[in-house]
Amino acid sequence: MTRSGFQKWIWLHKWSSLICTAFLLVICLTGLPLIFQDELGDFFDDALPYAAVPAGTPAVSIDTAVDASRARFPGEAVLFVFVDDDEPKIVVTMAPSWQAWAANKKSSHWIRFDAHTGQVLKASKPFNRDGIGFLEFMLRLHRDLFADLPGELFLGAMGLLFVIAIVSGAVVYGPFMRRLDFATVRSDRARRTRWLDLHNLLGVVILAWMLVVGLTGVINELSTPLFGLWQRTDVKAMLAPLQGAPVPSIAELSSPQAAFDTAKAAAPEMVATSIIFPGSPFGSPYHYLIWTKGHDTLTSRLFSPVLVNARDGTLSARVTVPWYLRALEVSRPLHFGDYGGLPLKIIWALLDLVTIVVLGSGLYLWLSRRASPFRRRQEPTVGRGGIVTAPAE
Amino acid sequence: MSGSRPMVQIWRWPLLLAALICFGLLAALLGGGGLWWWLSWLALGIPVATIAAGLWGRGTTKA
């Protein structure tokens, strides 16, 4: 590499890192508890326990849970019902209306039922009136800094800078290591040299992991626009023949349990997990949309919708999901690290901590370089002839 | 410490570790659990162990 080429990559590495480091530190710190959100969520959960029932006890009908929810909140709209496949629960989410929900998602609230008994285990309050939980607080900071879509796009851009910093860091790693063995930490040298060696060692060892988690994080931040794109193209085209048809009123809706069963019969190889009621901005005004997923580690993350006519309960379509939503779905487990048991989560947490050290040491290397005018004059020794020597101290 | 090393030598270990990480990430995702999970933990544990060895084994904290 020529000296000027090297200087350009150093420049790119420096500025891409400097701009994103503060935000990446927030993302790494808030991401740490989120790795264990299943475990922590169970720990913090104050809901009533599931009833002890004999094995083989059938689940109550979704209709029972929906009717009970409507009786509890008359006049409100049921948005969707989630049926867990590994816990005996049915969760009904409601809001004053779909319009109110589209205007402010915080207007929704949920009621959790014991799937065996139909008993209410917990009911949330809208507008975070229960107070926002620790994990929710961490998630909002991690995902959008409490700024919704603009925050998601901003942090997505920071993630992209992080990816650029990783790539440019890898490019300049080679010249830096021309005179050093792999994993050399010159512990007899000045503090800045030791931290430089450590920064290079940690960064290069977990390079692939940081790239994967960085890139999948960026894709996750694009989830809202990607679903919006799908809605405006494929879903719109599919619903075009029905345009202008009267939207079914609540009284006209067919049984959600029957719609759920119809979807399961139409996709017998899949597990149905939720039913979106008509009117969703990410669904249809005329159909129940039932999300189904596969059985394996990967396919259980790939969701396919089935549309059931909400008036007469007949099967309308099994919908093909476009490639960009599949890419989003595959990027979720690779970002969350929640697909290989607790040991994988612990490894994820350790790698996250190492990333924090890489970020922190990078910041230190920049700050310590700027600290003394003497060292600023020393800067040109970095990169001479493509061979790098840390400033002597 | 003297002389300059060829790129192949500089990148031998980093590329091996990157390959292990990719294998570990995919083994748990595409394998059918069980043995594949163990292989995944092992493959991803090696970079972590490398760092631990780099930190403690070589005495970085020495003055």
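## The β3–β4 hairpin of chain A

In this predicted model, the hairpin formed by β3(A) and β4(A) has five residues between its strands, and A:G118 takes a positive phi near 80 degrees there. Three bridges join β3(A) to strand β4 (residues 120–123) of chain A, the two running antiparallel, and A:F113 has A:V120 in β4(A) as its bridge partner. Strands here are DSSP E runs of at least two residues and helices are H or I runs of at least four, numbered from the N terminus; two strands pair if DSSP finds at least two bridges between them.

Strand β3 (residues 109–114) of chain A is mostly covered, with five of its six residues buried, where buried requires 20 or more other C-beta atoms within 10 Å of the residue's own, the C-beta atoms being placed from the backbone. β3(A) also pairs with strand β2 (residues 89–95) of chain A, in the antiparallel sense and over six bridges, and A:H109 in β3(A) stands opposite A:M94.

## Numbering and confidence

Residues are numbered from 1 along each chain as its sequence is written, while chains are lettered from A and ligands numbered from 1 in the order in which they are written. Because the model is predicted, local features need pLDDT of at least 70 and side-chain atom pairs count only at pLDDT 80 or more, whereas totals for chains, interfaces and linings use all residues.

## Packing of helices α1 and α5 in chain A

Helix α1 (residues 3–35) and helix α5 (residues 134–143) of chain A pack at an angle of about 145 degrees with their axes 9 Å apart; the axes are lines fitted to C-alpha atoms over the stretch in contact, and angles run from 0 to 180 degrees between N-to-C directions. The contact (C-beta atoms, placed from the backbone, within 7 Å) involves residues of α1(A) including A:V26, A:I27 and A:L34, which meet residues of α5(A), among them A:L135, A:M138 and A:L139.

## Domains of chain A

The automatic or database domain assignment gives chain A domain 1 (3–37 + 143–205 + 339–386) and domain 2 (59–133 + 222–241 + 248–336). The centres of the two domains, taken over C-alpha atoms, are separated by 41 Å, and the contact takes four residues from domain 1 and four residues from domain 2.

## Contact between chains A and B

Between the chains, 31 residues of chain B are in contact with 34 residues of chain A. The elements giving two or more residues to the chain B side are α1 (7–30) and α2 (35–57) of chain B, and α1(B) gives the most, with 13 residues.

Methods:
Two residues are in contact if their C-beta atoms, placed from the backbone, lie within 7 Å. A residue is buried if 20 or more other C-beta atoms lie within 10 Å of its own, exposed if 12 or fewer, and partly exposed in between; C-beta atoms are placed from the backbone.
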